[in-house]
Amino acid sequence: MLRKAIKQFQLGVKSPKQAARILASEAKMRSGIRTLRSLELAVTWICNLDCEFCYAEDLMKAKQKPPHMPVAEVARITREAHALGLIHVNVTGGEPMVRKDIYEVVDAIPKDVVVSLVTNSTLLTKEKVRRLKAAGLSTIQMSYGDYYLKSFDRDLARYCVEQGISVTLSVVNIKAERKNIEFAFEMAEEDDFSVLFNYPMIYKNEGVDSEYYWKMRYHPRCREDNLFWSGKDRCPAGTHKLYVTNDGDVMTCDRIHAIYGNVNDEPLADIHKRMYAQFIKHKSFCLLETCDKQWLLNNEKSGHNYDLSLLGKQEDPFNVFEGTSLMDTTVEGSTIAQQIHAARRSAETAPDGQPLPR
């Protein structure tokens, strides 16, 4: 675990100020002080691809989409998060590179914070890589797997590393992707990349590839959302990590679309305080988990005894909290979000009012 923590630190940190902030955050977290470490920031819902397995499909399929998050809003939200202890911002979407002002977006984030950007790589060029580096980007997270084999450019990924931007190959850890993930680790070793294990959501994905997952998850080059420089086998969503959509709705993570507040209605600090109080008691390996056998296996492998009663449900593929007590403190969120979720549920309901079979 120590080798992994050191390697992730080396790959992510790009300045002494970032290093100092991360170490201070680590001390606060381990002493039990409430702190927000990571922020997923969706700066657009627009994407140039149409991936049927996308975690944001229910958002991006909306007939009415909110505009890009203004650069001024990016600056305001990250300032508020910075005051709460922020050490990492993950710029996501949609596809962030559809924005012509993506460089201003990156530049608006405090410079002592590690900034990563998620991309399908199709719109990326060497010139854009150089401009992202100049704006302050630390890491570029490239989607990798069967769907992306034609668009992934290994030479361009190597160029990112040459320019001082760390590269993470983002994979969904399911059996169908095993060969691709194995090759991703080969590239990581040869080209100084890392590999991000994304825990599969129940939407058009099969369950986690447990065998390979537990074989590789402590590998120094294996990143995982619930291991962000912390060395903890516990999901940070809702406590040390939040997701903010481009119209301001706050969720635990980008793959669970239950809304707990909106940053346009109240300070992020108030929303985080409420969520932290609730989710710090909700111990789980990953909030996305809905399989009792996998839950128990994760307990066994990690040496924990997380309560099986906290297991997510499968009523809504985009919200495993549906049908649990975690929905008790949610809010309706933005008008657009209400329309999207209402339309999806309506489409999935039979004439007799019963949910359609999945």
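Is serine 121 buried or exposed?

A: This is a predicted model, and the values below are computed from it. Serine 121 is buried, since its relative accessible area is 7%, and buried means under 20%. The residue sits in the loop that runs between β3 (114–119) and α6 (126–135).

Leaving aside residues up to four places away in sequence, isoleucine 140 touches Leu117, Thr119, Leu124, Leu132, Cys160, Ile165, Ser166, Val167 and Thr168. Ile140 also belongs to the largest nonpolar core, which has 77 residues. Those with the most contacts inside this core are Leu41, Val91, Leu117, Leu132, Ile140, Phe197 and Phe321. Helix α8 (residues 178–191) gives the core its largest share, five residues. There is also a second, separate core of five residues, with Val13, Ile22, Ile87 and Val114 among them.

Aspartate 192 is not a glycine, yet it has a positive phi of about 65°. Aspartate 192 lies in the loop between α8 and β6 (194–198). Whereas serine 121 is buried, aspartate 192 is partly exposed, with a relative accessible area of 33%. The other detail is a peptide bond: the one from glycine 93 to glycine 94 is cis, with omega near 20°. Glycine 94 is found in the loop between β2 (88–92) and α5 (102–107).

From the core, Phe197 leads on to the aromatic residues. The structure holds 13 aromatic pairs. In one of them, the rings of phenylalanine 197 and tyrosine 213 have their centres 5.9 Å apart and their planes at 25°, so this pair is stacked. Phenylalanine 197 is in strand β6 and tyrosine 213 in helix α9 (residues 210–216), so the pair ties together parts 16 residues apart in sequence. Both phenylalanine 197 and tyrosine 213 are buried. Tyrosine 213 also pairs with tyrosine 199, this time edge-to-face, at 5.7 Å centre to centre and with 80° between the planes. Because tyrosine 199 is in the loop between β6 and α9 while tyrosine 213 is in helix α9, this second pair ties together parts that are 14 residues apart in sequence. The relative accessible area is 6% for tyrosine 199, which is buried, and 1% for tyrosine 213. Ring pairs join Phe185, Phe197, Tyr199, Tyr212, Tyr213, Trp214, Tyr218 and Phe285 into a cluster.

In α10, Leu268, Ile271, His272, Met275, Tyr276, Gln278 and Phe279 are buried. They cover an arc of only 165° around the axis, so they lie on the same side of α10. The elements covering them include α4 (71–83), β8 (241–244) and β9 (250–251). The helix has 12 residues (268–279), which at 1.5 Å a residue should span 16 Å, and its end C-alpha atoms are 16 Å apart, which agrees.

The structure holds zero disulfides. Cysteine 286 is in no disulfide, and the nearest cysteine sulfur, that of cysteine 235, is 4.9 Å away. Cysteine 286 counts as buried at 13% relative accessibility, whereas cysteine 47 is partly exposed, with a relative accessible area of 27%.

Conventions. Residues numbered from 1 in each chain as written. Predicted model: local features only at pLDDT ≥ 70, side-chain atom pairs only at ≥ 80, totals over all residues. Heavy atoms only, no water. Helix = DSSP H or I, 4+ residues; strand = E, 2+ residues; numbered from the N terminus. Expected span 1.5 Å × (residues − 1). Buried < 20%, exposed > 50% of the residue type's maximum accessible area, 1.4 Å probe, protein only. Arc of directions from axis to C-beta. Contact = heavy atoms within 4.5 Å. Disulfide = S-S within 2.5 Å. Core = buried A, V, L, I, M, F, W, Y, C linked by side-chain atoms within 4.5 Å. Phe/Tyr/Trp six-rings, centres within 6.5 Å; stacked < 30°, edge-to-face > 60°.
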